[in-house]
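Dear colleague,

Please find below the structure that I am handing over to you. My notes on what was found in it follow directly after.

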Amino acid sequence: MAAVGESRITYDARGLAEPDEVVPGISEIDGERAVFDAADLTTRGINLELRSLLYEQGVTDVTVRNPKARHSLGVGILTRCRITFEGSLGYFGCGLIDGPEIHIKGRVGWSACENMMSGVVVIESNAGSLTGAALRGGDLVVKGQVGARSGIDQKGGTIIVLGSAGSMTGFMMQRGRQILCGDVGHGLGDSMYDGTIYVGGKVRSLGIDCVPGEWTEADTEFVERKFRIYGLGDPPELQKFVCGKKLYNYDKLEPAERKLVL
Amino acid sequence: MCGIAGIIYRNGDEPHPIGRDMTLMLQSMKHRGPDSTGYALYGPPGDSVIMRCTFADANDPRDFDFHDRLGRHQREVQSRLRALGATISNVEEETDYACRITLEYDGDLKDLTDRVEDVAGCEVLSLGHSLEIIKDLGDAEEVSAQYDLGGFTGTHAIGHVRMATESDVDISGAHPYWAYPFADVAVVHNGQLTNYFQWKRRLERSVHRFQSECDSEIIAVYLAEKMSEGASLEDSMRASLEELDGVFTYIAVTGDALGVAKDEMAAKPLVLYEGEDLVALASEEIAIRAVVDREIETWDPYEGQVLVWQR
């Protein structure tokens, strides 16, 4: 355990954290695989080490030990690779990624995988709120429960949650799919534009303009395929929810304009 | 933004290093609030009453008779305490403007507080048989060093790092808040309350006093009011979800329990770890990992949840 005051974060005049950090270079590299222990590294040190391995040293499979729930780890990785975090991540973990297959053997905090473009992230435990916010592509699998507002502003990709989900899940969702196996909180799919939400448990309440959808063969095929890929066993009985398209009123006139026309 | 933290050990009265624990937790969340830091620590319960009070702010200008004046005010407080029939057994001056007074007293705490706070510049931070509230400007390490909290042992604690948004950066605007005039009740809060003035007027009419302009103080006084009507901590907290408006996650503590409540929107974060020997909760998991240094199972409580643990 660190004594009080042992590791201080330094800031430069612009407020940039750890401005003088250099690549720690502590990994044990074995061909295309590498392992390093992040226990004594700063957040910036961990990210610099990851980037150096993946972009400069030709490594495609990295294992990070002891991430210790720090924020903003594994962000902005834009290459095909495999990353394993042997522990929990803090906020904004694995955001803005395009391509990696990431396995997190712990929990993640708020805003994990925000704006992910493609790739796969598998989280073994629970996730905080805003998981997969503005997700654009790829698959995000959470084996525990998620907090509120998962997949807010989702624009593509798939979010699979084996546990329960909080309120306002799929808020303003625009495209993509969510498979939520447990119970869901208030305001599911509130103000969604498009996309599909599958729910296995109880829904506390539906949000505005979110309605039950008609189940088709394509839905069965999709859910079974995703469960097979990630080895999640048999999918539970699911209900389907889609956008009611009652809020689609872009072609309508503003009240003041309507008076003029009529 | 603000960061809140709480820790409660689950094995009765046995003392634990809660001063050190809370400093580690709060220091790891310094980025959430660098303005001021506060602690509510529960030491071993005893028969004496412990009063923590301040006579000035850390950043008050030091005019030429500053120390003389504070000395006069402190002597006045002591003479008023004696006049109310209290026996002062110990006075510790930790800074030149804050002190900790141990006294033997079995009268009405509201009378005592009102009489003491009538002295110019004096503010009672906490009063109780085990509760001690310590708050000041600066980060957790500075406050801990200033008030020598590293060796403080007890059963449970809450803490707060503050990024001031609704009121001034000073000691009275810092958390935790003591639930005047109830012994051993304190609150820390992350969020904003939008019906603050309604509740402030309502509670002032039922003779509660407010030390600060900070919206969070409402929660402490609100819970105190409910508990004085006979409600339990948990029931009072449940009622607060209906009656307080805004976004909030707050932690409330009494002499033997620690509870957390989250509003209907779940807009403010909280991460929870329930171990066999202790329960730790904080705005960020990184704070819990500062005291439980191994991989642990944690989760976020949902919207509208109230959870209470007994020590």
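**Findings**

Among contacts in chain B between residues at least 6 apart in sequence, 72% join residues at least 24 apart; two residues are in contact if their C-beta atoms, placed from the backbone, lie within 7 Å. In chain A, residues 24 or more positions apart account for 23% of the contacts with a separation of 6 or more.

This is a predicted model, in which local features need pLDDT of at least 70 and side-chain atom pairs count only at pLDDT 80 or more, while totals for chains, interfaces and linings use all residues. Residues are numbered from 1 along each chain as its sequence is written, and chains are lettered from A and ligands numbered from 1 in the order in which they are written.

**The two chains**

Chain B contains eight helices and 15 strands, whereas chain A has three helices and 12 strands. Helices (H or I, at least four residues) and strands (E, at least two) are DSSP runs, numbered from the N terminus.

The C-alpha trace of chain B spans about 55 × 40 × 35 Å along its principal axes; for chain A the corresponding spans are about 70 × 50 × 35 Å. The radius of gyration of chain B is 18 Å, which agrees with the value near 19 Å that a compact globule of 311 residues would have. This radius is taken over C-alpha atoms, and the globule rule is 2.2 Å times the number of residues to the power 0.38.

Of the 311 residues in chain B, 49% are buried, and of the 262 residues of chain A, 44% count as buried. A residue is buried if 20 or more other C-beta atoms lie within 10 Å of its own, exposed if 12 or fewer, and partly exposed in between, with C-beta atoms placed from the backbone.

The contact between the chains takes 24 residues from chain A and 19 residues from chain B. On the side of chain A that touches chain B there are six nonpolar, 15 polar and three charged residues. Here Ala, Val, Leu, Ile, Met, Phe, Trp, Tyr, Cys and Pro count as nonpolar, Asp, Glu, Lys and Arg as charged, and the others, Gly among them, as polar.

Two packed helices are described by the angle between their axes and the distance between the axes. Axes are lines fitted to C-alpha atoms, for helices over the stretch in contact, and angles run from 0 to 180 degrees between N-to-C directions. Angles under 35 degrees count as roughly parallel, over 145 as roughly antiparallel, 65 to 115 as roughly perpendicular and the rest as oblique.

Helix H1 (residues 18-28) of chain B and helix H4 (residues 140-147) of chain B pack at about 155°, their axes being 8 Å apart. H1(B) and H4(B) are therefore roughly antiparallel to each other. In this pair B:Gly19, B:Thr23, B:Leu26 and B:Gln27 of H1(B) meet B:Ala140, B:Glu141 and B:Ser144 of H4(B). The residues of that contact divide into two nonpolar, four polar and one charged.

The axes of helix H5 (residues 196-205) of chain B and helix H6 (residues 217-228) of chain B come within 11 Å and cross at roughly 45°, which makes H5(B) oblique to H6(B). B:Tyr196, B:Trp199, B:Lys200 and B:Leu203 of H5(B) make the contact with B:Ile218, B:Val221, B:Tyr222 and B:Glu225 of H6(B). By class, this contact has six nonpolar, no polar and two charged residues.

H6(B) also packs with helix H7 (residues 233-243) of chain B, at an angle of about 125° and with the axes 9 Å apart; that makes H6(B) oblique to H7(B). The contact of H6(B) with H7(B) comprises seven nonpolar, two polar and one charged residue.

**Two individual residues**

B:Arg80 is placed in helix H2 (residues 66-83) of chain B and counts as partly exposed, with 16 C-beta neighbours inside 10 Å. Leaving aside neighbours within four places in sequence, B:Arg80 is in contact with B:Arg115, B:Val116 and B:Val119. The C-alpha atoms of B:Arg80 and B:Val116 are separated by 6.9 Å, although the two lie 36 residues apart along the chain.

A:Leu130 lies in the loop between strand S6 (118-123) and strand S7 (139-142) of chain A. With 26 C-beta neighbours inside 10 Å, A:Leu130 counts as buried. Not counting residues up to four places away in sequence, A:Leu130 touches A:Trp110, A:Ser111, A:Arg149 and A:Ile152.

Yours sincerely
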